[in-house]
Amino acid sequence: DVYFRDVRGNEGALHRLRGRSVLMTFWQSWSAPCLTELRRLQALQNADSRGTPVIVAFHGGAAPESFDEIRKEHGLSFAIVQDAEHRVARRFGVRCWPTTIMVDPDGRIEHVQLGIVPNRGRAPTY
């Protein structure tokens with residue numbers, strides 16, 4: 001299980017999300033591929049809110065001046081969590097950014113994506 005507090009002060013835990021699919025993405029604010037992945041996940045969330053997994057983005061760098069700027073610039077509406085010490089990233093063996101992990105409704109890791117997936121004109125999926 002992983003406990004976290006997003007940058008807005010909301011607390012969460014993976015066990016509280018049982019019964020729902022969860023996408024956890026691990027990113028760095030200096031990385032263009034990470035920002036591309038964040039935009040892709042936002043497009044996924046915008047595409048169909050009923051079938052969309054819960055998305056939580058763990059930032060692995062030093063806190064930027066404002067997550068609000070990144071959120072606004074890229075239109076992000078999902079939870080952003082500061083993980084500067086890589087506490088959560090280490091629990092999941094993350095060593096490259098971006099890494100996106102799909103957790104199924106039973107709490108099992110279903111898929112791990114290293115880097116970004118080329119969109120090639122397709123609708124966002126997972």
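Predicted model: local features only at pLDDT ≥ 70, side-chain atom pairs only at ≥ 80, totals over all residues.
Trainee: How many disulfides does a search of the whole structure find?

Mentor: The general idea comes first: a disulfide is a covalent bond between the sulfur atoms of two cysteines. Here the search of the whole structure finds zero. For Cys-34, the nearest cysteine sulfur belongs to Cys-96, 8.5 Å away.

Trainee: Now to the rings. How many aromatic pairs does the structure hold?

Mentor: A pair of aromatic rings is described by the distance of the centres and the angle of the planes. This structure holds three such pairs. In one of them, Phe-4 and Phe-58 have ring centres 5.7 Å apart and planes at 85 degrees, so the pair is edge-to-face.

Trainee: Which kind of pair do Phe-26 and Phe-58 form?

Mentor: A stacked one, with 5.2 Å from centre to centre and 15 degrees between the planes. Because Phe-26 lies in strand E3 and Phe-58 in strand E4, this pair ties together parts 32 residues apart in sequence. Phe-26 and Phe-58 are both buried, Phe-26 at 1% relative accessibility and Phe-58 at 1%. Phe-4 is buried too, at 11%. Ring pairs link Phe-4, Phe-26, Phe-58 and Phe-92 into a cluster.

Trainee: Let me follow Phe-26 across the sheet: what is its bridge partner in E6?

Mentor: The partner is Thr-99. Strands E3 and E6 pair in the antiparallel sense over five bridges. E6 also pairs with strand E7, again antiparallel and over five bridges, and there Thr-99 stands opposite Leu-114. In the hairpin of E6 and E7, five residues lie between the strands, and Gly-107 takes a positive phi near 90 degrees.

Trainee: How many residues of strand E6 are buried?

Mentor: Five of the five, residues 99–103, so E6 is largely enclosed by the rest of the structure. Both of its faces are covered: Thr-99, Ile-101 and Val-103 lie on one side, with Thr-100 and Met-102 on the other.

Methods:
Residues numbered from 1 in each chain as written. Heavy atoms only, no water. Disulfide = S-S within 2.5 Å. Buried < 20%, exposed > 50% of the residue type's maximum accessible area, 1.4 Å probe, protein only. Helix = DSSP H or I, 4+ residues; strand = E, 2+ residues; numbered from the N terminus. Pairing = 2+ DSSP bridges. Phe/Tyr/Trp six-rings, centres within 6.5 Å; stacked < 30°, edge-to-face > 60°.
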